[in-house]
Amino acid sequence: HYALSLELFDLAARCAHTNGDVISLNLLSQQVLTKSQSFEDKLNVMYYAMCVLASSSKLPESIERGLKILSRLGIDLHGCESGSVEACVQETKDLLSGYSDDEILNTERMTDPTKIMAMKFLGKLEIGMTQIMPKSAPYVTQRIIQLSLSDGMSPVSPIGFVHFGSYIAKLGDISGGYKYVKLARSLLDKVSRENAGEVSCFGTQVIAYVEPLQAVLEYHDEGYAAAISSGDIIHAAINRLFGYLSCFYAGVNLQTVRDKGDEVISFMHERKIVIFMIQTQHTRYSVFKLIGIDEEPKYVSADEENILATNNSVKTTHYFQKLYISFIFRFYDDTKDYAEKYLACIGRSTWAELYLSLSFQVFYIGLTSFWAARKSRNDGEQWYERGNKSKLALKKWAETSRWTFENKWYLLEAEESFCNSNFDDAKMYYEKAISSAKDHKFVHEEALACELAAYFYLEMEEVNKAAEYCLLAHERYHTWGAIGKCASLFKFFDGTLNERVASSPAIANEVQSDLASHQNTEDRKRRAGDKSSGNPEH
């Protein structure tokens, strides 16, 4: 009954992996590894063990184990990190240029069991390398596509095409990347929907650069459902993470975002998906701060410290969220410091794939850079160049999705014009940014554009105009649910706007409510012995 026993142990190992039961998985794996009659019979449990390492704090070990197993299966990927991402993507494009979409969709199925398992290991390497070895990931994609074309399509083949589309999009060809994402989605129906969760996960990130952001939010919900149905717990988690982040970027009401974040963290905690849970927490702290809840972790585990120190993707998220919240609350020195740390992370190792988060990060790096360019005496020119680079990136993305990126591009144009003392252009672009954000339903970015316009008019000594835009910003931040930001905004403008606020009882009541809510938070902090940050600057 060897074959039956092996099948039962493999199924039990899969269940343990899906449930995040590391202890049971290790026990089952040891039994199979000890008593299996061949290397091939061990592959399933070795795959699940690799998956568990990847979702915990041991991603480097997971990748190394996967590389060794693939080497024994005749696929050597060691040394690929020294290659060029651009060259690898171009080689793959050249390979695919000999095939039409119909030919790819109608390629025969892969039948060799060993190669089918090798494809599964390649698919698992893809997501791991994306985080800590991004320059190597396109070579994994290339090998998946090569094997799919030479030996037939497997359930992993759509993964190769969706990641390839993401690489092309990241290199600047959004339309070309979008084409391969759609091809990957079509392949799911032709080959197998086993990996629909992963295809939806990474494909949706590219789709968000073409279709209106609010319209693609449901795609991650669909990806989560598909991943759960096939037992793909990792991509169920990533879909939930990306869905959560997308809601935040789309300006969904912050209370709804907060609730969604709580659900995501609970899901990951139960299944011991540590890396993505930490990334979710960093954004969650920003949401709390905006709402007016100043909650930071009182204890950080050794695993979390290790991940933050060794995983560049997590570190990048950490520094960016620190930058973001410092910018929003107008702490100039902190904003500039965290921007430098974020840029150092990006300089060491940037993602090979295109994520929606990148556009959000580029936007705020641009805003930070123009702010720093106006205030810095020694390195203002360098900051100006960074701001201009961000502006050009948003302008290009606006070509494929005016809906999502136009308002951001206009706001960077306004800030650049402010830097260059082109005050008439600045006024025009602030108005355009506000109007575009309003038309395209980005309430949080409408608020931000109004706020930055207020700072501009304050600098021009047009106090009434500054007051008008500040009140508009308050109204839109309040609609978003950013009560902590509302209170901070009016504390900053307090002396300038008292007379204007007092003339409008409805706004005055709203402001007093926000300030009272914020004051309660401050009182709780003082009772707990916390210390407040420095004074904000405009």
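Me: What makes the crossing of α7 and α8 left-handed?
Reply: In this predicted model, a crossing gets that label if the near helix is turned anticlockwise from the far one by less than a right angle. The crossing of α7 and α8 is left-handed, so the near helix of this pair is turned anticlockwise from the far one.

Me: And why are α7 and α8 called roughly antiparallel?
Reply: Look at the angle: the axes of α7 (residues 113-132) and α8 (residues 137-151) cross at roughly 155° and come within 8 Å. Anything over 145 degrees counts as roughly antiparallel, so α7 is roughly antiparallel to α8.

Me: Which residues make that contact?
Reply: On the α7 side they include K115, M119, L122 and M129, and on the α8 side they include V140, I144, L147 and D151. By class, the contact of α7 with α8 has eight nonpolar, four polar and four charged residues.

Me: How do you know that M110 is buried?
Reply: Buried means under 20% relative accessible area, and M110 comes in at 6%, so it qualifies. M110 sits in the loop between α6 (101-105) and α7.

Me: What does M110 contact, leaving aside its neighbours within four places in sequence?
Reply: K115, I116, M119, L147, D151, G152, M153 and S154. M110 and S154 are 44 residues apart in sequence, but their C-alpha atoms are 5.4 Å apart in space.

Me: What makes T204 buried?
Reply: The cut-off is under 20%, and the relative accessible area of T204 is 1%, so it is buried. T204 belongs to α11 (residues 196-207). Setting aside neighbours within four places in sequence, T204 touches V199, V216, Y219 and H220.

Me: Why is α9 described as largely enclosed by the rest of the structure?
Reply: Because 13 of its 14 residues are buried. As for length, α9 (residues 157-170) reaches 20 Å from its first C-alpha to its last, close to the 20 Å expected at 1.5 Å a residue. After α9 comes G172, with a positive phi near 120°.

Me: What about α19, and why is it called largely enclosed?
Reply: Here 18 of the 20 residues are buried, so α19 is largely enclosed by the rest of the structure. From first C-alpha to last, α19 (residues 356-375) reaches 30 Å, close to the 28 Å expected.

Me: How do you know whether α14 and α15 are roughly parallel or roughly antiparallel?
Reply: The axes of α14 (residues 254-270) and α15 (residues 274-291) cross at roughly 155°. The cut-off is over 145 degrees, so α14 and α15 are roughly antiparallel to each other. Their axes come within 10 Å, and the crossing is left-handed.

Me: Which residues of α14 and α15 meet?
Reply: Among them are L254, V257, V264 and I265 in α14, and F276, M277, V287 and F288 in α15. By class, the contact of α14 with α15 has eleven nonpolar, five polar and three charged residues.

Me: What makes α15 roughly parallel to α17?
Reply: The axes of α15 and α17 (residues 312-328) cross at roughly 5° and come within 9 Å. Under 35 degrees counts as roughly parallel, so α15 is roughly parallel to α17. Among the residues that meet are I275, I278 and H282 in α15, with V314, H318 and Y324 in α17. By class, the contact of α15 with α17 has seven nonpolar, eight polar and one charged residues.

Notes: Residues numbered from 1 in each chain as written. Predicted model: local features only at pLDDT ≥ 70, side-chain atom pairs only at ≥ 80, totals over all residues. Heavy atoms only, no water. Axes fitted to C-alpha atoms, helices over the stretch in contact; angles between N-to-C directions. Helix = DSSP H or I, 4+ residues; strand = E, 2+ residues; numbered from the N terminus. Parallel < 35°, antiparallel > 145°, perpendicular 65-115°, else oblique. Contact = heavy atoms within 4.5 Å. Nonpolar A, V, L, I, M, F, W, Y, C, P; charged D, E, K, R; others polar. Buried < 20%, exposed > 50% of the residue type's maximum accessible area, 1.4 Å probe, protein only. Expected span 1.5 Å × (residues − 1).
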